[in-house]
Amino acid sequence: MHKIVTLICFFCGIILIASLPTKSTAQTTDKITEAIQSGSSKALGKYFNESITLDINNTLSDYSKNQAELMFRDFFRKHPVQEFKVLHQDETTDKSWYLIGKYISGDNFRVLIKGTKQQGIARISSMEFNRE
């Protein structure tokens with residue numbers, strides 16, 4: 001009987017651990033949050049894929065990593081951050097993750113950041129910053 005209880009606890013623990021966001025992704029999203037809070041396009045750019053889809057104020061386009069960094073440098077200059085709040089974040093089973101937040105400047109922006117985990121590294125594949 002003791003072996004059965006131990007086995008059940010073991011498998012429940014495995015399932016619980018597998019359903020949690022990985023430390024790597026959680027650490028990366030923390031660094032992304034810090035980069036946005038500090039208004040640093042350079043720090044944010046470290047987490048971009050080589051190609052990234054940006055939707056800023058309902059203007060959607062694909063950019064290279066360097067172009068996206070320049071777009072955010074301009075965005076942070078025009079809309080200096082007063083506060084950035086993460087409202088929700090999660091990781092799905094297919095190695096993708098997302099973060100929903102609120103960027104407060106002179107205007108408020110709804111933020112959606114999507115990414116994938118490639119070779120154990122979490123990278124941003126798309127970002128949306130749209131006025132509320």
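View 1. Thr29 is buried, with a relative accessible area of 2%; buried here means under 20% relative accessible area, exposed means over 50%, and partly exposed is in between (1.4 Å probe, protein chains only). This is a predicted model, in which local features need pLDDT of at least 70, side-chain atom pairs count only at pLDDT 80 or more, and totals for chains, interfaces and linings use all residues. Residues are numbered from 1 along each chain as its sequence is written, and side-chain values use heavy atoms, with hydrogens and water left out. Thr29 belongs to helix H2, residues 23–38. Helices (H or I, at least four residues) and strands (E, at least two) are DSSP runs, numbered from the N terminus. Set aside the neighbours within four places in sequence, and Thr29 is in contact with Gln89, Trp97 and Leu99; contact means heavy atoms within 4.5 Å. With Gln89 there is also a side-chain to side-chain polar contact of 3.2 Å. That term covers a pair of N or O atoms within 3.5 Å; within protein, one must be able to donate a hydrogen and the other to accept it, and residues adjacent in sequence count only if both atoms are side-chain atoms.

View 2. Read across, the strand order is E2-E1-E6-E5-E4-E3, and the pairing is mixed. Strands E2 (59–64) and E3 stand at the edges with a single partner strand each, so one side of each has no neighbour in the sheet. On average, neighbouring strands here are turned by 15 degrees against each other, direction ignored. Two strands count as paired if DSSP finds at least two bridges between them. As a reminder, strands of a sheet pair through backbone hydrogen bonds, either parallel or antiparallel.

View 3. E3 (residues 83–91) pairs with E4 (residues 96–104) in the antiparallel sense over eight bridges, and Val86 has Gly101 in E4 as its bridge partner. Four residues lie between the strands in this hairpin, and Lys95 there takes a positive phi near 70 degrees. Look for Lys102, which stands opposite Arg110 in E5. The hairpin from E4 to E5 goes through three residues.

**View 4. Ile124 is buried in strand E6.** Ile124 lies in E6, which spans residues 121–131, and has a relative accessible area of 0%, so it counts as buried. Not counting residues up to four places away in sequence, Ile124 touches a list of residues that includes Ile32, Leu44, Tyr47, Phe48, Ile52, Trp97 and Ile113. Ser51 is 73 residues away along the chain, yet the C-alpha atoms of Ser51 and Ile124 are separated by 9.2 Å. E6 itself pairs with E5 (residues 108–118) in the antiparallel sense over ten bridges. In that pair, Lys114 stands opposite Ser126 in E6.

View 5. H4 covers residues 65–78 and lies across E1 (48–56), E2, E4, E5 and E6. Its direction is at about 40 degrees to E1. For such angles, axes are lines fitted to C-alpha atoms, for helices over the stretch in contact, and angles run from 0 to 180 degrees between N-to-C directions.

View 6. Most residues other than glycine have a negative phi. Asn57, in the loop between E1 and E2, has a positive phi near 55 degrees. Asn58, also placed in that loop, has a positive phi near 65 degrees. How accessible is Asn57? Asn57 counts as partly exposed, at 26% relative accessibility, whereas Asn58 counts as exposed, at 63%.

**View 7. The whole protein, with its confidence.** There are four helices and six strands, running α-α-α-β-β-α-β-β-β-β from the N terminus on. Of the 132 residues, 33% are buried. The average pLDDT (the predictor's confidence in each residue, from 0 to 100) is 86, and 82% of the residues score at least 70.
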